[in-house]
Amino acid sequence: MTGLRSRVVLITGAVSCIGRATALAFANCGSKLALVWMKKESEDTLKKLERISHECNILGAADIHTGQYDLSKRDGCRVALEEAVERFRGVYKI
């Protein structure tokens, strides 16, 4: 996955098997990561996300944003994207 250094990648479900593997793969490329999860998830999920964020840092992610949103609603998806764009402003433009 060349050419992904400093690119912004938004990953939903980053605590699941596929989501985690995806986050780690992009981190290994030096991408900037927006890791988002469902608002209704448990405290255990938040701890898993913290661990995954730490792993991504170790692998070389350029920057990491995490957030909790109601992704079952259009507004929740919009806010997740807007906050990721705001965090990485100047790096990625819509």
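In strand β2, the bridge partner of I11 is L35. Keep in mind that this is a predicted model, where local features need pLDDT of at least 70, side-chain atom pairs count only at pLDDT 80 or more, and totals for chains, interfaces and linings use all residues. Residues are numbered from 1 along each chain as its sequence is written, and side-chain values use heavy atoms, leaving out hydrogens and water.

Now the strands around that bridge. β1 covers residues 8–12. β2 covers residues 32–38. They pair in the parallel sense, over five bridges. Pairing here takes at least two bridges found by DSSP.

What lies on each face of β1? V9 and I11 sit on the covered face. V8, L10 and T12 sit on the uncovered one.

Next, the whole chain. It has three helices and three strands. These are DSSP runs: H or I of at least four residues for helices, E of at least two for strands, numbered from the N terminus. The order from the N terminus is β-α-β-α-β-α.

How about overall shape? The radius of gyration, taken over C-alpha atoms, is 12 Å. That agrees with a compact globule of 94 residues, because such a globule would be near 12 Å. The globule rule is 2.2 Å times the number of residues to the power 0.38. The C-alpha atoms fill a box of roughly 35 × 30 × 15 Å along the principal axes.

Last, burial. Buried residues make up 36% of the 94. Buried means under 20% relative accessible area, exposed over 50%, partly exposed in between, with a 1.4 Å probe and protein chains only.
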